[in-house]
Amino acid sequence: MTTETVAVADAVVADAAVQPSAVQGAAHAANQKKILNRLRRAQGQLGAVIAAVESGGSCKDVVTQLAAVSSALDKAGFVIVSTAMRDCIDNPDTPNALTVDELEKLFLTLA
């Protein structure tokens, strides 16, 4: 997942923030917390990759950490798209609702 993809994902999370019921709002807050936790974990893992490269760490350790970063970012992206899809189904008339084509494009961006 690229920096651009993370920026798009952040925008989707921000756009999906409008939900009418308290239950949906609580669910959104829980999903947002999961997403932020994954992104922070990836950020920490990326720091470990950078440190390993700077210190001449082994190829195996660097690639293992890099794979962990990639996986964490992918999972965060899928949670973001999943949340956006759910929001668009539950509230299709909201001003920030995404079209099916937009959701598909976001999903395929992660593939």
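I began with Ala-97, and I found that this residue touches Cys-88, Asn-91, Pro-92 and Glu-102, not counting residues up to four places away in sequence; contact here means heavy atoms within 4.5 Å. The model I am reading is predicted, so I note that local features need pLDDT of at least 70, that side-chain atom pairs count only at pLDDT 80 or more, and that totals for chains, interfaces and linings use all residues. Residues are numbered from 1 along each chain as its sequence is written, and side-chain values use heavy atoms, with hydrogens and water left out.

I then looked up where Ala-97 sits, and its place is the loop between helix 3 and helix 4. Helices (H or I, at least four residues) and strands (E, at least two) are DSSP runs, numbered from the N terminus. With a relative accessible area of 25%, Ala-97 is partly exposed; buried means under 20% relative accessible area, exposed over 50%, and partly exposed in between, with a 1.4 Å probe and protein chains only. I also noted that Ala-97 and Ala-84 are 13 residues apart in sequence and 8.1 Å apart in space, C-alpha to C-alpha.

Next I looked at the whole chain, which has 4 helices and 0 strands. Buried residues make up 29% of its 111 residues. Of the contacts in the chain with a separation of 6 or more, 66% are between residues 24 or more positions apart.

I turned to helix 4, residues 100-110, where Leu-103, Leu-106 and Leu-110 are buried. Seen down the axis of helix 4, the buried residues fall within an arc of 60°, so they line one face of the helix; the arc is that of the directions from the helix axis to the C-beta atoms. On the other side of helix 4, I found Val-100, Asp-101 and Lys-105 exposed. Glu-104 is also in helix 4, and it counts as partly exposed at 44% relative accessibility.

How do helix 3 and helix 4 pack, and at what angle? Helix 3, residues 59-90, packs with helix 4 at an angle of about 170°, with their axes 10 Å apart. That makes helix 3 roughly antiparallel to helix 4. Axes are lines fitted to C-alpha atoms, for helices over the stretch in contact, and angles run from 0 to 180 degrees between N-to-C directions; angles under 35 degrees count as roughly parallel, over 145 as roughly antiparallel, 65 to 115 as roughly perpendicular and the rest as oblique.

For the residues that meet, I listed Asp-74, Gly-77, Phe-78, Val-81, Ala-84, Met-85 and Cys-88 in helix 3, against Leu-103, Leu-106, Phe-107 and Leu-110 in helix 4. By class, this contact has 9 nonpolar, 1 polar and 1 charged residues, where Ala, Val, Leu, Ile, Met, Phe, Trp, Tyr, Cys and Pro count as nonpolar, Asp, Glu, Lys and Arg as charged, and the others, Gly among them, as polar.

Last, I looked up the largest nonpolar core, which has 12 residues in all, including Ile-35, Leu-39, Val-69 and Ile-80. Such a core is a set of buried Ala, Val, Leu, Ile, Met, Phe, Trp, Tyr and Cys residues joined through side-chain atoms within 4.5 Å. Helix 2 and helix 3 each supply at least two residues of this core, and helix 3 gives the most, with 7 residues.
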